[in-house]
Amino acid sequence: MAEQFDVVVIGGGPGGYTAAIRAAQLGFSTACIDDWKTADGKPALGGTCTNVGCIPSKALLQSSENYEHAGHAFTEHGIDVQGLAIDVARMLARKDKVVRQNNDGIVYLFKKNKIAFFHGIGSFAGGGDGAWQIKVAGTRAADLVAKHVIVATGSKPRELPGTPFDNRLILDNDGALAIPAVPKRLGVVGAGVIGLEMGSVWRRLGAEVTILEALPVFLGAADEQVAKEAWKQFAKQGMTIRLGVAITRVTCANEVTVDYTDADGKAQSVAFDKLIVSIGRVPHTVGLDAAAVGLKLDERGFISVDAECRTNLSGVWAIGDVVRGPMLAHKSEDEGVAVAERIAGQHGHVDFNTVPWVIYTSPEIAWVGQTEQQLKAAGIAYRAGSFPFAANGRARAMGDTRGFVKFLADATTDRILGMHAIGPMVSELIAEGVVAMEFGAASEDIARICHAHPSLSEAVKEAALAVDKRTLNL
Ligand SMILES: Cc1cc2nc3c(=O)[nH]c(=O)nc-3n(C[C@H](O)[C@H](O)[C@H](O)COP(=O)(O)OP(=O)(O)OC[C@H]3O[C@@H](n4cnc5c(N)ncnc54)[C@H](O)[C@@H]3O)c2cc1C
């Protein structure tokens, strides 16, 4: 006998588990199916983000940054460290513990919200509008019937053609987060968010890191001024980044040899002890049996959805990495909430223009809204104002004065069109730009708001003042 639910969510990553919580809050009987398991076969709710993405990467970034600070930044504070050493096994065990705390937190949230959890692979087995049949294969095998289905099956790492991941020499994000000893020579293919973050972790711990990027420009999605500053900072740290690289062959023996053509068209060859491949992610629909019900995918394999995450099937929705749009955990979460609210007849809304982007390198990079190059291309007249952390008291006290904050505002209305930042804790500061843009604020609004002193947020206020060419501390 099939179990009946108002809403069945397939996938328990940030998109799926958040959608399930919101659906349950709205009074729907809700189930969530997720197949992620630990090495010993136990459920591990939270998807890519919790298990092999956002959370473990930030845990390792923190550990490696602590190590780097102890080795280089402490002395100027009068703190001398002797016998500094990194125990990689202990660092990885801590990361696993952090992941486990997050997995357990979601189990608690499911219990609190009375969400039925099925550990296994969910697939479409038939049915139609108002009564979709979903089969669960796994430790809790079941047949479910749902009025609404939310597909949140996420994404998988993209392989280099002809070079499958083995997580011994050729590493995906999972392997990159579990290297058992610091490699001497680490190669990274792809200078995107994941490549830069993973490269940073292992460089701080002592690896020689070389990043090979196919595109001729560095961080093309970021504001040019920010990308330029990031390039300068990463070079200073000793990270080698080669742009315009066309990889021709990868061979594995005891080491990995990458043959490539460089930006000048010259043939090059470089050997590494490990190679992280971070060239993007592909939608994950294997196991879903989309064809059984005629669920439409687009030419790139994403589930086709409209602006409100409706698929071609009535009552079937899709959210997160498995659909178009930025592959970010918070975008998945917001789509999950919006879809649950739409099912309840409410007006859920996600504005891609106010989705913040963060790269958790050191210095951190964060932005929201449009870049200068986008505004120029669109012919929009704007005023820019920026403020360096070098003139911020808190940054000086912290000993990290790298980078700046920049606002871009409409030349006529002063409405904020973008905020771009590189520097200490800008992953947190960017929230002010997001709130401002959501409320349609002008740069003058930020400039007139009282900011605590001494705080990094004063650099945000000063950048807003700079739009009107009236900084107070520069
Ligand atoms: C190294 C790394 C670092 C990252 N850092 C950040 C960051 O700092 N900030 C950020 O915003 N984003 C980050 N991301 C991206 C982020 O992880 C993803 O955008 C996010 O996880 C997408 O959420 P999702 O719910 O759509 O899918 P996922 O998190 O991929 O979850 C999908 C879940 O569905 C399960 N599943 C798939 N098919 C089925 C099926 N048929 N039946 C049952 N279960 C199924 C999967 O096993 C998985 O558990 C990072 C990614 C990586 C790889």
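Where is V81 found? V81 lies in the loop between helix 3 (54–73) and helix 4 (88–112); helices (H or I, at least four residues) and strands (E, at least two) are DSSP runs, numbered from the N terminus. This is a predicted model, in which local features need pLDDT of at least 70 and side-chain atom pairs count only at pLDDT 80 or more, while totals for chains, interfaces and linings use all residues. Residues are numbered from 1 along each chain as its sequence is written, and side-chain values use heavy atoms, with hydrogens and water left out.

**Surface**

- I79, V81 and L84 make a nonpolar surface patch of about 210 Å².
- V81 counts as partly exposed because its relative accessibility is 36% (buried means under 20% relative accessible area, exposed over 50%, partly exposed in between, with a 1.4 Å probe and protein chains only).

**Ligand surroundings**

- The ligand is surrounded by 38 residues, the closest being D34, D35, T48, K58 and G122 (a residue is near a molecule if one of its heavy atoms lies within 4 Å of it).
- These shell residues divide into 14 nonpolar, 19 polar and five charged.
- Helix 2 (47–52) gives the most to the shell, with four residues.
- A backbone N or O atom of L328 lies 3.3 Å from an oxygen atom of the ligand.
- The protein covers 96% of the 1,000 Å² of accessible area that the ligand has on its own.

**Salt bridges**

- Side chains of opposite charge can pair when their charged atoms come close.
- The whole structure holds 26 salt bridges (a side-chain nitrogen of Lys or Arg within 4 Å of a carboxyl oxygen of Asp or Glu).
- K42 and D40 form one, at 3.3 Å from N to O; K42 is partly exposed at 47% relative accessibility, and D40 is exposed at 55%.
- E308 pairs with R310 at 2.6 Å, N to O, and with R342, where the closest N and O atoms are 3.9 Å apart.
- R342 lies in helix 8 and E308 in the loop between strand 16 (281–283) and strand 17 (316–318), so this pair ties together parts that are 34 residues apart in sequence.
- R342 is buried, with a relative accessible area of 12%, whereas E308 is partly exposed at 32%.
- D223, E372, K376 and K406 are linked in a network of salt bridges.

Notes: Patch = residues over 30% accessible without salt bridge, like charges linked within 9 Å, V, L, I, M, F, W, Y side chains within 5 Å. Areas by Shrake-Rupley, 256 points an atom, 1.4 Å probe, with all protein chains shown as cover. Polar contact = N/O pair within 3.5 Å; in protein donor to acceptor, adjacent residues only side chain to side chain. Nonpolar A, V, L, I, M, F, W, Y, C, P; charged D, E, K, R; others polar.
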